[in-house]
Amino acid sequence: MGVDWRERRLIANLYLGQKGRVRIEGEYSEPGLIGREVRQGCPHSPLLFNIYIEELITEALENTKEGVKVGGNIIKALRFVDDQPMLAGSKSDLQ
């Protein structure tokens, strides 16, 4: 999508090596590494998700003409926050 490697490295460094603790009834666990996923509540998370999913959808649907016609337009996919329904005229088209 044209994101420079330096910017990708900067974003990756925000998430790599992050540690977190769990609190249960006022008691804290030992710090442990957090996975590589985006953090819930991080202001970058929705943007990173949108960039990733847009590229994924574009690649997945690049060779298909299937979808549902709405107002003269063919709709192949819808986007709802963190859900990605795919649309087709029949079950076989969806495959």
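Accessible areas here come from the Shrake-Rupley method with a 1.4 Å probe; for residues, only the protein chains shown count as cover.

## Basis and surface

The chain's accessible surface comes to about 8200 Å². Carbon and sulfur atoms hold 54% of that area.

This is a predicted model, in which local features need pLDDT of at least 70 and side-chain atom pairs count only at pLDDT 80 or more, while totals for chains, interfaces and linings use all residues. Residues are numbered from 1 along each chain as its sequence is written, and side-chain values use heavy atoms, with hydrogens and water left out.

## Chain layout

The chain has 3 helices and 6 strands. Both are DSSP runs numbered from the N terminus: helices are H or I with at least four residues, strands are E with at least two. From the N terminus on, the order is α-β-β-β-β-α-β-β-α.

Of the 95 residues, 9% count as buried. Buried means under 20% relative accessible area, exposed over 50%, and partly exposed in between (1.4 Å probe, protein chains only). Contact means heavy atoms within 4.5 Å. Among contacts with a separation of 6 or more, 23% join residues 24 or more positions apart.

## The nonpolar patch

M1, V3, L47 and I51 form a nonpolar patch on the surface. Together they have about 360 Å² of accessible area. Patches are made of residues with over 30% relative accessible area and no salt bridge; like charges are joined within 9 Å, nonpolar side chains (Val, Leu, Ile, Met, Phe, Trp, Tyr) within 5 Å.

V3 sits in the segment before α1 (5–15). V3 counts as partly exposed because its relative accessible area is 30%. I51 belongs to helix α2 (residues 45–61). I51 is also partly exposed, at 33%. I51 and M1 lie 50 residues apart in sequence, yet their C-alpha atoms are 8.1 Å apart in space.

## The salt bridge

The count is 1 salt bridge. The term means a side-chain nitrogen of Lys or Arg within 4 Å of a carboxyl oxygen of Asp or Glu. R6 and D4 are the partners, with an N to O distance of 2.8 Å. D4 is partly exposed, with 27% relative accessibility.

## A positive phi

E25 is not a glycine, but its phi is positive, at about 50°. E25 lies in the loop between β2 (23–24) and β3 (27–28). With a relative accessible area of 82%, E25 counts as exposed.
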